[in-house]
Amino acid sequence: MATLQKIRNRGVFIGIIIGGALFAFIAGDALKSGGSLLTNSRNEMAEIAGESVNIRDFQNRFNHNIEVAKMMSGQSSIPSEQMDRLREQTWQQMVQEMVMNVEYDELGISVTSDELFDMVQGRNIDPTIRQMFQGPDGSFNKEQVVATLQQLINAPKGTPQKNYWLNIENAMTTQRTLTKYNSLIQKGLYMPNAMVKDLATKGSKKVDINYIVKNYNLIPDSTITVSDSEIKEYYNEHKDLFEQTESRRIDYVPFLIEPSTDDYKATENSVADLKVDFAAETNNAQFVELNADTDFNPFYLKKEDITNAELAEFAFSGKKGDVSGVYSEGDSYKLAKINEVKMLPDSVKARHILIRPVNGDYAAAQAKADSLKTLLEKGARFDDLAKANSDDQGSAINGGDLGWFTQGKMVLPFSEAAFDSKRNEIKVVLTQFGAHVLQVTNKGKAVKKVQLAIVDRKVEASNKTIQAAYAKARTFAGNNLSKEAFLKAVSEQNLQRRTANLRRDTKNIPGLENSRELVRAAYQTEDMENVLMNNEQSAVFEFGDKFVVAVLSSIKEEGFANINDVASTIKREIRKEKKAEQMIAEFKKNSQGAQSLLSVAQKENLEVKNATGISFSSFQIPGAGIEPNVISTASLLEKGKISAPIEGNQGVYMVLVTNETTDEVTDDTVEAFKARLEQGYQYRTNYQAFQALRENANVVDKRYKFY
């Protein structure tokens, strides 16, 4: 099925459709019976719109998506990071599907088989299909669609190719259904012309202002008292400001697994033991690959390129084959051997002709490159052959010229051949890109350079050291199983205590490698009196180079924050309001009978500042910051009139409009303004409509129990 292979090769575009994080669903109606399959609450991983979701249903959907991803990429396995993304994508697909299907059913929104036919091979071809079956000239090849469908009809049921196509159809159907829903919502939005004209008119007016501001920090917080009753009253009146998402906080103590003095000595000795064999070795690169932590570095270095002064001195005073003594850099011990010494330039200028292998046939590519080399040696022009034959179109247009380049800028075989070539020498070089006809046209001044073979071994903690760290953590946990004892011991032993705020979907705690297990432990208990336990019911968690003992210190449920948790924030806001009341009263007193803003400023010992081009739609005032109350007042204020005191974010203001200009508001201006507003609302509809439905569906996420 060559056509299906072409489809898979266009997987980037199709991946956007099939793998879209929120709006593409892959498995059709696989979840409609999810709740009925539950036989044990332990298998429930979510509740969506009152319907229970079984972990088996989720896993089936997830496995399905993995197979689709494999087929799209041609890979036999999926990297762990991509697996995490696929798992999250699968969850979003399930939520979207279950929430939206209820709406679709109630509103009677669907995509018929006739519509699907029209999207695949009718008059209104879906962009996905059009892109998949686009010919070299950009035209849509409907005959190829029909031929592919005929192949699929004859293919056995359940074959990867047939499943792949069904996924594409499901994705298109889902997207079309969602588009219908969003269109329905968007058609319900209306912008009254009178309101649009009013907003356009206000936005067309721009003013220049003088202003004075009395900042809140002029009044010390200590002079403002706030009672508990005031805090409670403010909380009740502004409760919506304190809505919070679910989270948990843990306190933990890390016990580092650090190499001991004995570990350093053992590593140093292990490197020293290699010196005799290293000196006798003829294949130094292979010796490094077999015995070192770091790969062999093939590049040649000047003396100033080597940052270690002693190593640089050794490299440029010794001869080929010499081996240094053991030296340390960072957390590693090393041996260096002079592998080669050459006179080489820092950079070369070259040109090439690239012949890419067709269907992996490198022999054919090399044969063609050899024939081109022969033509060049007989006097053919390099420019002409490059333009006519090179598959590197970026350089072919310039006759194959690559310009000047240094070591490391090209793939290794190409770089080595270029730097070892004589000026104007022609070579054929094979790389992973194909066969290159290479010619160096110019070279920099040659200087002495060395190629070092370096055997390095990082100092790592031995089993004895690891066991000692574990014993320390285990002893601490065993003696301090309660939260009270934990906190007391941390203080008395002067241990490092760290805090982490967690959400259900937190993948890793900063500083703790692969620490999802600790997140799950924090969410699988309500016990805030004792240390957390891992899956083996041990209080000691292991994450990379650390053992960890932790306690659950705080639980915040989704909803409204406890008044005690936000009391300090409320107190700060009440203080600001009281300061504003005082400042407004002072401004009113000192502005009575004032003929100018300057006279008020002098009485208040304030500086008169100015700002230009302020309009109703301005985001901030230059020099003052984000002050919407001041902006709205100034944009509507009569020219030459001093405003009343205005309570702002940073302080209390008084404003005087010194100049105003108004752009002409025509019918075309109003229409353009209306179009921008409607576009913004329609753009938000696609996201906010679903968010509202999702919130109403009361999604209960229990994935933390399983992942």
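Select α25 (667–696), one of the helices taken as DSSP runs of H or I with at least four residues, numbered from the N terminus, and go to Thr 685, where α25 bends by about 45°, the bend being the angle between axes fitted to the seven residues ending there and the seven starting there. The model is predicted, so local features need pLDDT of at least 70 and side-chain atom pairs pLDDT 80 or more, while totals for chains, interfaces and linings use all residues. Residues are numbered from 1 along each chain as its sequence is written, and side-chain values use heavy atoms, without hydrogens or water.

Now colour Val 670, Lys 674, Thr 685, Ala 689, Phe 690 and Leu 693, which are buried in α25 (under 20% relative accessible area, 1.4 Å probe, protein chains only). The buried residues of α25 pack against α4, α8 and α9 (193–204), with contact meaning heavy atoms within 4.5 Å.

Then show Leu 178, Tyr 181, Asn 182, Asn 686 and Phe 690, the closest to the centre of the largest cavity among the ten residues that line it. A cavity is a set of points on a 1 Å grid over the protein atoms alone where a 1.4 Å probe fits but cannot get out, and lining residues have an atom within 4 Å of a point. In this lining, α25 has the largest share, four residues.

Finally, step past α25 to Asn 698, whose phi is positive, near 55°.

Notes:
1 Å grid on protein atoms, 1.4 Å probe; cavity = no way out; pocket = protein on both sides within 12 Å on 5 of 7 lines; lining within 4 Å. Helix = DSSP H or I, 4+ residues; strand = E, 2+ residues; numbered from the N terminus. Buried < 20%, exposed > 50% of the residue type's maximum accessible area, 1.4 Å probe, protein only.
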